[in-house]
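Here is a short briefing to read alongside the coordinates. It begins with the aromatic rings, moves on to the overall build, and ends with a few individual residues.

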Amino acid sequence: MASDKTPVVLCWHMHQPSYQDMRTGQFLFPWVYLHTIKDYSDMAAHLEHEPEARAVVNFAPVLLEQIEIYLVQIEQWRHGAGEIGDPLLAALVADQLPETGTPAFLGLMEKCLRANSDRIISRYPAFARLAELADIYREKPELQRYISSRFLSDLLVWYHLGWVGETIRLENHCIQSLQEKGHQFTMDDRRAMLDVIFDVLSGIGPRYRHLAAKGQVELSVSPYTHAMLPLLLKLESAREAMPEIILPVHSSYPGGGERAGWQLQQAKAVFHRFFGVEPTGCWASEGGLSQATLELLDSAGFQWTASGDSVINNSLHRAREEYPELPDYGIHQPYIFGESAINVFFRDDGLSDLIGFTYADWHAEDAVGDLVHHMENIAKHTRNRGRQVISVIMDGENAWEYYPENGFHFLNELYRVLAKHPTLELATYSDLVAHPVADPVRLPRLVAGSWIYGTFSTWIGDPDKNRAWDLLCEAKIHYDRVMDNGSLNAEQKEAASKQLAICEGSDWFWWFGDYNPAQIVSDFEHLYRRHLVNLYEMIGYPAPSSVFQQLSQGSGDPARGGAMRPGHEADKTV
């Protein structure tokens, strides 16, 4: 790394929770394969296009495993040895589609319209016409008999065409041919669409492995099912940033320390199986950290982690209560806390949130120019502190559907400008650990929190979220008893442990609360309870009635559908 340039780290986090029912093998929602063909593929392609660009790409292991399962199921279906477990993907190549006027027809139609209306549906006149016809179907039941199955066949193809990443759209002749055809798609067309999906899914692992081998990408990992480690370790850690927060009835998650350690070890095992290397860094789910989490990450062999800038600001404020003369070190450098040796980097929430919430409606060159100008000012105004580290950390999937062409122009321009910038240099966190630009600042203790507002309020404290924690704690108590009584064999114990891990994922708790959209809350609370029921079945214990009662109802309309949230409370839009 050039000694006179300010390092900039672009860290993209790829994750989805487990949408698969482990008892049936069926995927209840299609977001794994859809985000793979749209976002995870495009993010690799932008780096492949700009060889001088570099980034950190973080994968949640449960996402990698689900991509693999899709590939296995499609291959088995091709050879007549099994079914495709995702109903939407299976419908794409189904010989028989539901009859007009049936609930199954309406359900499949609605699934094929769950896409950004402005950026995906309205972009393609043929797709937009099908969406208009769907409105008529809903509003005028007496006309439903005149709508043929051809409508559903075309809608299925256009839905998948709409979700295809821009880099695939520009280069894949099959996709271009289907778009030009526009309507009256045959079974051969539909199978060709599936072939493209399979090829993209199968290429994700090798493409990122290749980028890592070239040194363009540092691959890092999250806890196995994207669990919120600080809360597994200690529910009361939520009070460090929010002393008045109301917590669940259960005072702690039973055996949380052991489960948090299991989440990390399982994550490392899956990561090594997919990429053939050991991860240096761990993006703890949603940047959720506590002092105990740092010590656990350190003992697991990780050298770096990261969080949001509110966490370091809270930690500096707390340290100054004991050391009033402590300088304002700021957010743009690594820290070490207490006895832990792990380096902690902090997201610049202002810069990251500009990408997530502001630049989507800007011209790409203007947006990148503004972002880089902010970075140049940071580098200039912090020069007296030595070389700083500017961190942009974001989800790798949720922002781009709000940009024209899935962020194609913005991301190309961002990598092009930063790869050739005279005073800024793209770097990775492992670079900065191996060749520090400055000695990490040591503080006595980290104040627990996440990249969302510097607190854990997105996952605990709300009555619905607390009820979900109590259901999980109750299930864990029964799980522990069964694990100890010798009624399960080794294979059954392993399956139950993985099912418990799915229930521990942080995504369920994110969506509970009336400020989120009703449809998504319904989807996630139903899936969470289904995972709990499956856990009870696996351990041979009857599920309590509370697991069958609805947990949460949403009625909100948050920015970006609630899938992303700004880092600072002051910017809160929900």
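In this predicted model, ring pairs tie twelve aromatic side chains into one cluster: Tyr19, Phe29, Tyr253, Trp459, Trp469, Trp508, Phe509, Trp510, Trp511, Phe512, Phe524 and Tyr528. A search of the whole structure turns up 37 aromatic pairs.

**Aromatic pairs**

- Tryptophan 469 and phenylalanine 509 form a stacked pair, because their ring centres lie 4.5 Å apart and their planes meet at 20 degrees, under the 30 degrees that stacking requires.
- This pair links distant parts of the chain: tryptophan 469 sits in helix H19 (residues 463–485) and phenylalanine 509 in helix H21 (residues 507–511), 40 residues apart.
- Are the two partners buried or exposed? Tryptophan 469 is buried, with a relative accessible area of 1%, and phenylalanine 509 is buried with a value of 1% as well.
- Tyrosine 536 and tyrosine 541 make a tilted pair, since their centres are 6.2 Å apart and their planes stand at 35 degrees, which falls between the 30 and 60 degree limits.
- Within that tyrosine pair, tyrosine 536 counts as buried at 1% relative accessibility, whereas tyrosine 541 counts as partly exposed at 35%.

**Overall build**

- The protein has 22 helices and nine strands.
- Its radius of gyration is 24 Å, close to the 25 Å that the globule rule gives for 574 residues, so the protein is as compact as a globular protein of that length.
- Along the principal axes, the C-alpha trace spans about 75 × 60 × 40 Å.
- Of the 574 residues, 59% count as buried.
- Among contacts between residues at least 6 apart in sequence, 79% join residues at least 24 apart.

**Surface and charge**

- The accessible surface comes to about 22300 Å², and carbon and sulfur atoms account for 49% of that area.
- The protein carries 48 positive and 76 negative charges, and the mean positions of the two sets are 1 Å apart.

- Glutamine 184 has a positive phi of about 55 degrees although it is not a glycine.
- You will find glutamine 184 in the loop between helix H9 (173–181) and helix H10 (187–213).
- Asparagine 406 counts as buried, because its relative accessibility of 9% is under the 20% limit.

**Leucine 10**

- Leucine 10 belongs to strand E1 (residues 6–14).
- Its relative accessible area is 0%, so leucine 10 is buried.
- What does leucine 10 contact, leaving aside neighbours within four places in sequence? Its contacts are Ala55, Val56, Val392, Leu414, Tyr415, Leu418 and Leu426.
- Valine 200 lies 190 residues from leucine 10 in sequence and 23 Å from it in space, C-alpha to C-alpha.

**Aspartate 370**

- Aspartate 370 is part of helix H16 (residues 364–381).
- Not counting residues up to four places away in sequence, aspartate 370 touches Leu354, Tyr359 and Trp362.
- How many residues separate aspartate 370 and arginine 209 in sequence? They are 161 residues apart in sequence, with 32 Å between their C-alpha atoms.

**Proline 542**

- Proline 542 is placed in the segment after helix H22 (518–539).
- With a relative accessible area of 59%, proline 542 is exposed, because that value is over 50%.
- The C-alpha atoms of proline 542 and lysine 214 are separated by 52 Å, and the two residues are 328 residues apart along the chain.

Note on methods:
Residues are numbered from 1 along each chain as its sequence is written. This is a predicted model: local features need pLDDT of at least 70, side-chain atom pairs count only at pLDDT 80 or more; totals for chains, interfaces and linings use all residues. Side-chain values use heavy atoms; hydrogens and water are left out. Helices (H or I, at least four residues) and strands (E, at least two) are DSSP runs, numbered from the N terminus. The radius of gyration is taken over C-alpha atoms; the globule rule is 2.2 Å times the number of residues to the power 0.38. Buried means under 20% relative accessible area, exposed over 50%, partly exposed in between (1.4 Å probe, protein chains only). Contact means heavy atoms within 4.5 Å. Accessible areas come from the Shrake-Rupley method with a 1.4 Å probe; for residues, only the protein chains shown count as cover. Lys and Arg count as positive and Asp and Glu as negative; His and the chain ends are not counted. The place of a charge is taken as NZ of Lys, CZ of Arg, CG of Asp or CD of Glu. Rings of Phe, Tyr and Trp (its six-membered ring) pair if their centres lie within 6.5 Å; planes under 30 degrees apart count as stacked, over 60 as edge-to-face and the rest as tilted.
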